[in-house]
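Student: Hi, I have just opened this entry and I'm new to it. Could you walk me through it piece by piece?
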Amino acid sequence: MEIKFMNIYNKKYKIKKLNLKILNNKITGILGDTNNLIANLLTNNLDYKGIIMFDNLNILGYDLNKISYIKKIDRNTFLTKLVSDEFYLKKKNIDIKDTIYLEKIISSLRMVGLDDNYLKREIRTLSKSEARLLEIALGLIKNPELIIIEEPFLYLDNKYYYNIQKIIKDLKEKYDKTIIILSQDTNLLYELTDNLIILSNNQVLVSGKTKVIFKDKEFLTNKNINLPDILLFKELVSNKGIDFSNLNTIDEIVKGVVENVQENNSD
Amino acid sequence: MLSINNLNYKNLYNDFNLEIPKNNFITILGTNRSGKTILTKIISGIIPTTDTCILDNISLNKNTVLTYLTKLGVVSNDFNQEFLFKKVKEELAYPLLNLGYPEAKLNKRIKDISKYFEIEDLLNKNIEDLSISKRKLLLIIISIIHEPRLVVLDDAFLEMNKSDKYFMINKLNNLKKKGLTILNLTSDIETTITSDKIYILDNFNLEDYKEDSRFKESFIIQLSNKLKELEVTSQTYFNMEDLVGALWK
């Protein structure tokens with residue numbers, strides 16, 4: 001799904017002439033204190049003037065069930081007592097047989113790493129990590145085309161981190177979804193997103209390919225945006241006269257360090 | 001500074017003991033459900049105990065609770081921790097008004113603390129206009145505005161951006177000299193950077209720190225642990241400059 005914002009205005013949030021494009025089947029990160037404004041516009045939770053298009057269809061004619069907005073959990077996130085009730089609450093908007101829906105619930109839970117036993121659990125007995133996984137499972141049950149996920153790893157214990165990271169990548173690569181990640185964490189955005197939009201004072205400061213945006217160190221530093229650790233490390237290393245500019249993952253860097261240190265020792 | 005002696009709570013904490021020395025920055029690392037929040041509630045008297053917690057020679061019980069609490073600052077990790085007022089300055093003044101600070105003393109304290117934490121430009125701002133990271137920063141500042149002897153931080157650095165996080169940790173660490181003791185309960189290894197001692201809280205039991213894959217490691221800790229496994233370095237580095245310095249002298 002491709003999304004276009006065309007000349008969006010909102011008086012309350014002083015949004016003026018907001019134009020941006022979110023590309024189909026990519027992971028787009030949105031950085032900035034008010035990054036949830038974009039999500040609220042997309043889910044029709046904020047009044048605006050202007051046009052938002054989904055694949056050349058005005059958002060007003062679009063089935064909002066095809067969009068899932070997975071927010072940070074707070075005390076208002078869940079409305080029912082049991083995990084299963086929370087799934088059946090979502091079913092109200094979907095025309096589907098009970099038996100098939102149950103299968104869908106179980107596969108959503110398994111996808112995030114929770115088993116069927118959770119269906120009988122009371123929500124108040126879940127840990128924050130489990131509650132967060134439940135919210136992600138609930139967000140995927142409708143098989144949305146667009147998934148907006150806010151701070152995907154907040155409250156998650158480390159053991160779930162790689163699983164959720166893999167789910168996000170699979171949603172894009174295997175299931176052709178369009179994904180928007182709202183986050184303030186530049187390490188995460190650098191690692192996971194294809195494209196990036198940085199908002200400042202509710203206006204677009206810059207948008208484009210993530211790796212390209214993070215190349216402009218001076219610009220980002222001027223705007224008080226933290227550089228990802230991996231870039232800071234590469235810069236520190238380059239001050240020692242060592243070129244790691246082509247290494248892009250932690251494992252490549254480990255390999256680079258080992259080779260470099262061995263070379264030095266053999267000199 | 002703080003002693004917890006033979007704490008027993010609902011078969012979770014059994015004969016639990018903890019000693020936090022004066023003017024130290026102590027971190028207790030724990031995953032979800034390890035017992036951090038219950039411990040915070042016990043130390044702050046929200047879960048009542050009798051003569052189990054001793055803070056600055058005051059043993060916490062129903063007769064001493066008010067004096068005890070003047071010596072304690074707490075940031076709890078409830079969802080949506082709410083502010084009571086509209087403006088930053090009003091939030092900062094509130095704990096001091098409760099303690100009966102006269103106006104001049106109150107204003108001086110707000111001035112001094114905002115200067116120290118470099119938030120003077122935020123004082124007249126509306127809280128709803130602050131970023132999440134700055135709100136979290138503000139919660140910590142409010143918790144120590146009444147100059148407590150001990151501050152207990154329960155996942156207080158969560159959702160702070162990296163620069164605010166390191167700024168706050170260093171500022172708190174420097175307050176040790178002025179008599180503040182910090183107890184940081186967290187699941188974030190990055191916040192241990194200045195800690196004098198690190199413990200792990202595992203299923204309501206306290207252990208000394210050792211490498212533990214349950215905690216999300218920052219890039220630099222991950223990198224240095226991988227290099228340690230390959231015997232390129234001999235220790236875990238928490239800081240990028242230290243690791244680069246050790247690799248290329």
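Tutor: Let us begin with a term that we will need for helices: a crossing is left-handed if the near helix is turned anticlockwise from the far one by less than a right angle, and right-handed if clockwise. Please also keep in mind that this is a predicted model.

Student: Switching to sheets, what order do the six strands in chain A take?
Tutor: The order is E6-E7-E8-E3-E9-E10 in chain A, the sheet is open, and the pairing is mixed. Strand E6 (67-70) and strand E10 (203-209) of chain A are the edge strands, each pairing on one side only, and from one strand to the next the twist averages 15°.

Student: How do E3 and E9 of chain A pair, parallel or antiparallel?
Tutor: Strand E3 (residues 27-31) and strand E9 (residues 195-200) of chain A pair in the parallel sense, over four bridges. Within this pairing, Ile30(A) has Ile197(A) in E9(A) as its bridge partner.

Student: Which helices lie across those strands?
Tutor: Helix H4 (residues 128-140) of chain A lies across E6 and strand E7 (146-150) of chain A, and it runs at about 170° to E6(A). Helix H5 (residues 158-173) of chain A lies across E3, E7 and strand E8 (178-182) of chain A, running at about 145° to E8(A).

Student: What does H4(A) do with H3(A)?
Tutor: The axes of helix H3 (residues 98-112) of chain A and H4(A) come within 9 Å and cross at roughly 135°. H3(A) and H4(A) are therefore oblique to each other, and H3(A) passes H4(A) in a right-handed crossing. Ser108(A), Leu109(A), Met111(A) and Val112(A) of H3(A) make the contact with Leu133(A), Ile136(A), Ala137(A) and Leu140(A) of H4(A). These residues divide into seven nonpolar, one polar and no charged.

Student: Back to strands: what about the four-strand sheet in chain A?
Tutor: That sheet is open, its order is E2-E1-E4-E5 in chain A, and the pairing is antiparallel. Its edge strands are strand E2 (15-22) and strand E5 (57-58) of chain A. Strand E1 (residues 3-10) and strand E4 (residues 49-54) of chain A pair over five bridges, and the bridge partner of Lys4(A) in E4(A) is Met53(A).

Student: Now chain B. Where do its domains fall?
Tutor: The domain assignment of chain B gives domain 1 as 2-214 and domain 2 as 217-249. Their centres, taken over C-alpha atoms, are separated by 30 Å, and four residues of domain 1 of chain B are in contact with seven residues of domain 2 of chain B.

Student: What do E9(B) and E10(B) form?
Tutor: E9(B) and E10(B) form a hairpin with two residues between them, and Asn203(B) in the turn has a positive phi of about 50°. Strand E9 (residues 197-202) and strand E10 (residues 205-208) of chain B pair in the antiparallel sense over four bridges, with Asp202(B) opposite Asn205(B) in E10(B).

Student: Last one: at what angle do H3(B) and H4(B) pack?
Tutor: Helix H3 (residues 88-98) and helix H4 (residues 103-116) of chain B pack at an angle of about 125°, with their axes 10 Å apart. That makes H3(B) oblique to H4(B).

Definitions and conventions:
Residues are numbered from 1 along each chain as its sequence is written. Chains are lettered from A and ligands numbered from 1 in the order in which they are written. This is a predicted model: local features need pLDDT of at least 70, side-chain atom pairs count only at pLDDT 80 or more; totals for chains, interfaces and linings use all residues. Axes are lines fitted to C-alpha atoms, for helices over the stretch in contact, and angles run from 0 to 180 degrees between N-to-C directions. Angles under 35 degrees count as roughly parallel, over 145 as roughly antiparallel, 65 to 115 as roughly perpendicular and the rest as oblique. Two strands pair if DSSP finds at least two bridges between them. Two residues are in contact if their C-beta atoms, placed from the backbone, lie within 7 Å. Domain bounds come from an automatic or database domain assignment. Ala, Val, Leu, Ile, Met, Phe, Trp, Tyr, Cys and Pro count as nonpolar, Asp, Glu, Lys and Arg as charged, and the others, Gly among them, as polar.
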